[in-house]
Amino acid sequence: MALSGIQIYKLLPQTNCKECGFPTCLAFAMKLAAKQVELGACPYVSEESKKQLAESAAPPIRLVALKADGTEVKAGNEVCMFRHEKTFYNKPGLFIRVKASDPDLAKKVAEADAYKVNYVGMDFSIDGFAVLADADLGNAIKTIRTATKRPLILMGNPASLQTGLSACGGETPLLYAADASNADAMTDLAKTHKTALVVKADSLDALADLTQKIQAKGVEDLVLDPSPKTLSESLIRNTQLRRLALKNTRALGYPIIAFPCDAKDEGIAAAQAIAKYAGFVVLSEFKPELLYPLLVLRENIYTDPQKPIQVQPGVYEINAPKPESPVLVTTNFSITYFAVANEVEGSGLPAWLVVTDAEGMSVLTAWAAGKFDAERIAKAIKGFDVASKVSRKRVVLPGHVAVLSGEVEEELPDWEVRVGPREAVDLPAFMKQALN
Ligand code: SF4
């Protein structure tokens with residue numbers, strides 16, 4: 001049973017040394033009870049206390065990692081129902097289903113493996129492949145390994161999976177799936193090869209019974225397939241599973257696998273799985289037009305709501321600027337940066353873009369929060385030594401902070417301060433007409 005904050009506090013050193021980042025041991029204990037911190041953050045817990053705290057310290061959803069030749073996909077370790085309560089940690093892995101019997105297997109895998117798309121400065125790609133053992137799985141894995149190093153989910157009966165596992169070398173794929181009819185054989189396979197195992201049943205009670213039996217035989221890394229038949233069933237079951245896991249129902253404290261590939265509307269089912277608690281998502285085939293929105297959705301859901309996506313503060317050169325090119329200023333919120341950078345780059349006009357550290361906020365938000373003011377702008381321009389790059393000291397402020405122009409002039413007396421447009425889309429016209 002989980003311990004309360006006070007019970008945990010009694011097992012901590014009670015020295016209030018603050019090394020864990022909290023002002024008191026009691027504050028740390030309360031966070032630990034709420035699963036919002038790791039016990040490892042306190043370096044002074046005794047071995048005896050660690051043992052007693054093990055259950056409270058364990059994440060309510062076990063972390064399961066699939067590994068292959070240097071690549072890894074992790075699921076689990078989540079601690080909340082809604083991302084705004086804290087954050088979601090491990091993005092669900094997106095897997096493309098392929099068939100062992102496919103004569104074009106290597107080509108299809110290579111095409112999906114090569115897919116890479118950039119979104120506000122981040123590169124996205126798929127995470128792995130789910131291989132259906134409808135022919136010799138060992139041969140299929142050898143073929144797949146000529147085209148990708150990504151982790152695999154192996155789908156078949158115990159005999160076919162045994163063949164596949166023999167070809168897997170030191171990898172740890174995910175085996176699909178143990179149900180009431182084959183649990184013993186699948187458990188033996190997972191135990192022998194030290195792999196993770198999907199447990200499948202069509203009710204939560206049956207799932208919990210099976211996971212307990214399998215765990216008792218020594219397989220710890222489990223993944224749940226609650227076998228929903230409809231979109232509403234998958235939403236209800238996944239939500240119930242997350243809720244029960246967070247209430248420390250250990251038998252259900254595992255990541256979930258979802259199969260939008262079998263749904264009538266794959267895109268909607270995949271979006272639902274990403275938003276609502278799946279740890280592994282299997283798609284029917286490689287379709288870039290479906291993957292891109294799913295990857296963007298996943299990124300947005302798994303971004304810490306308290307930490308906006310940021311770019312590194314600094315001076316960015318756009319279209320090979322020259323000493324006479326203008327200096328534009330913006331904040332380090334990724335979307336703001338890319339909105340400005342893309343407009344200027346698309347115009348073909350050269351510019352120096354100074355990105356200030358505004359803690360990842362957009363221009364207006366940062367200004368309102370006191371994170372984008374004349375002092376910070378001047379500090380960035382001086383700190384990045386922009387004056388040494390230009391012959392004409394001319395800085396352009398975003399139109400939304402026109403009110404700062406006087407103060408910036410005072411902070412940078414030898415610079416010409418101009419006020420640009422409010423919207424990035426108007427920058428090219430402004431640069432052509434007002435900066436010649
Ligand atoms: S690091 Fe440990 S001993 Fe120090 S305040 Fe935090 S919980 Fe207490």
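Guide: Strand E16 (residues 394-397) pairs with E17 in the parallel sense, over four bridges. Within this pair, Val395 stands opposite Val417 of E17. Pairing here requires that DSSP find at least two bridges between the two strands. The elements themselves are DSSP runs numbered from the N terminus: helices (H or I) have at least four residues and strands (E) at least two. The model is a predicted one, in which local features need pLDDT of at least 70 and side-chain atom pairs count only at pLDDT 80 or more, whereas totals for chains, interfaces and linings use all residues. Residue numbers start from 1 along each chain as its sequence is written.

E16 and E17 belong to an open sheet of five strands, in the order E13-E15-E14-E16-E17 and with mixed pairing. The edges are formed by strand E13 (314-318) and strand E17 (416-419), each of which pairs on one side only. From one strand to the next, the twist averages 30 degrees. Helix H14 (residues 374-383) packs on this sheet and touches strand E14 (327-331), strand E15 (351-356) and E16. The direction of H14 makes about 125 degrees with that of E15. Such angles run from 0 to 180 degrees between N-to-C directions, the axes being lines fitted to C-alpha atoms, for helices over the stretch in contact. Contact between two residues requires their C-beta atoms, placed from the backbone, to lie within 7 Å.

Two helices also meet. The axes of helix H12 (residues 334-347) and helix H16 (residues 427-434) come within 8 Å and cross at roughly 55 degrees, which makes H12 oblique to H16. In this scheme, angles under 35 degrees are roughly parallel, those over 145 roughly antiparallel and those of 65 to 115 roughly perpendicular, with the rest oblique. From H12, Val340, Glu343, Val344 and Ser347 meet Leu427, Pro428 and Met431 of H16. The contact of H12 with H16 comprises five nonpolar residues, one polar and one charged. Ala, Val, Leu, Ile, Met, Phe, Trp, Tyr, Cys and Pro are counted as nonpolar, Asp, Glu, Lys and Arg as charged, and the others, Gly among them, as polar.

Parallel pairing is also found between strand E9 (residues 196-200) and E10, which are joined by four bridges. Val199 stands opposite Leu224 of E10. Strand E10 (residues 222-225) is covered on both faces, with Leu222 and Leu224 buried on one side and Val223 and Asp225 on the other. A residue is buried if 20 or more other C-beta atoms lie within 10 Å of its own, exposed if 12 or fewer do, and partly exposed in between, with C-beta atoms placed from the backbone.

Ile96, in strand E3 (residues 93-99), is buried, with 26 other C-beta atoms within 10 Å. Beyond residues up to four places away in sequence, Ile96 touches Ala112, Ile126, Phe129, Leu283, Glu285 and Phe286. Ile96 and Ser284 lie 188 residues apart in sequence, yet their C-alpha atoms are 6.1 Å apart.

As for the whole, the protein has 16 helices and 17 strands. Its C-alpha atoms fill a box of roughly 80 × 65 × 40 Å along the principal axes. Of its 436 residues, 40% are buried.
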